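Please read the paragraphs below with the structure open beside you, and find each residue in it as it is named. The text moves from one part of the chain to the next.

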Amino acid sequence: MSKKEEEINKEFAAEENTTVEQEVEQTTEAVEEISEEEKLREELASEKDKFLRLFAEFENYKRRTSKERVELFKTAGQDIMVSMLPVLDDFDRALNEISKTEDKELLKGVELISNKLRNTLNAKGLEQVETKTGDVFNADLHEAITQIPAPTDDLKGKLVDVIEKGYKLGDKVIRHPKVIVGQ
């Protein structure tokens, strides 16, 4: 080989090395760009996941606190209702005794006050548990004070007398009716 050919080969090899080096650099830069882009995508996905979890937690918190608030209002009303039940019982006893007298104006006045109190409490959700003599005894609904021999065979296992009325606030029984059961 001549000198000239050697020089051409060297130049060609140098150019080829430069081209290969440039390609390697470009590939490395592209890989670095892709890896940087991938890192950013992963960070974005991570942040999105954190955001969704935080949002879900917040929604659960809102739901839980609103439910607790409703329960708080119900229980606050329940305490007042339970404290008013003896007043209703007293009105029932008063009406029973006044009806035995001949003073109809007094009876009318007490009935008006009693009805106003009952209507106000009913508007707030208080309901009387319907219980009457002859109903079948239900341990979940009634509170048996005592058992007596049934006056008739058809009253065995049934209510003989209702001593005290029971009341519900919404679906919850706040005072069970106190009853006497026939044996």
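In this predicted model, the structure holds 2 aromatic pairs, where rings of Phe, Tyr and Trp (its six-membered ring) are taken to pair if their centres lie within 6.5 Å, and where planes under 30 degrees apart count as stacked, over 60 as edge-to-face and the rest as tilted. A pair of aromatic rings is described by the distance of the centres and the angle of the planes. One of the pairs is made by Phe 51 and Phe 55, which are stacked, with 6.2 Å from centre to centre and 25° between the planes. Because these two residues, Phe 51 and Phe 55, are 4 residues apart in helix H1, about one helical turn separates them. Phe 51 is exposed, with a relative accessible area of 52%, while Phe 55 is partly exposed, at 45%; here buried means under 20% relative accessible area, exposed over 50%, and partly exposed in between, computed with a 1.4 Å probe on protein chains only.

Residues are numbered from 1 along each chain as its sequence is written. Since the model is predicted, local features need pLDDT of at least 70 and side-chain atom pairs count only at pLDDT 80 or more, whereas totals for chains, interfaces and linings use all residues, and side-chain values use heavy atoms, with hydrogens and water left out.

The protein chain as a whole has 2 helices and 6 strands, and, read along the sequence, they follow the pattern α-α-β-β-β-β-β-β. These elements are DSSP runs numbered from the N terminus, with helices (H or I) of at least four residues and strands (E) of at least two. Of the 183 residues in the protein chain, 17% are buried.

The strands can be followed sheet by sheet, and two strands are said to pair if DSSP finds at least two bridges between them.

Leu 169 has Lys 172 as its bridge partner in S5, and Lys 168 has Val 173. The hairpin of S4 and S5 has 2 residues between the strands, and in it Gly 170 takes a positive phi near 70°. Asp 171 is also found in the loop between S4 and S5, and at 81% relative accessibility it counts as exposed. Although Asp 171 and Glu 127 are 44 residues apart in sequence, their C-alpha atoms are 9.3 Å apart in space.

Another open sheet has 3 strands in the order S2-S6-S3, with mixed pairing. Strands S2 (143-148) and S3 (159-164) are at its edges, each with a single partner strand, so one side of each is left without a neighbour in the sheet. From one strand to the next, the twist in this sheet averages 25°. S3 and S6 (residues 178-182) run antiparallel and are joined by 4 bridges, and Asp 161 stands opposite Ile 180 in S6.

Between S1 (126-129) and S2 there is a loop that holds Glu 130, and Glu 130 is exposed, with a relative accessible area of 66%. Glu 130 and Tyr 167 are 37 residues apart in sequence and 8.7 Å apart in space, C-alpha to C-alpha.

Finally, the largest pocket has a volume of about 210 Å³. Of the 14 residues that line this pocket, Asp 92, Val 162, Ile 163, Glu 164 and Lys 165 are the closest to its centre. Helix H1 (3-98), S1 and S3 are the elements that give two or more residues to the lining, and S3 provides the largest share, 4 residues. A pocket is found on a 1 Å grid over the protein atoms alone, as an open set of points where a 1.4 Å probe fits, with protein on both sides within 12 Å along at least five of seven lines, and lining residues have an atom within 4 Å of a point.

Methods:
Axes are lines fitted to C-alpha atoms, for helices over the stretch in contact, and angles run from 0 to 180 degrees between N-to-C directions. Grid points are joined across faces, edges and corners, and a volume is the space filled by probe spheres set on the points.
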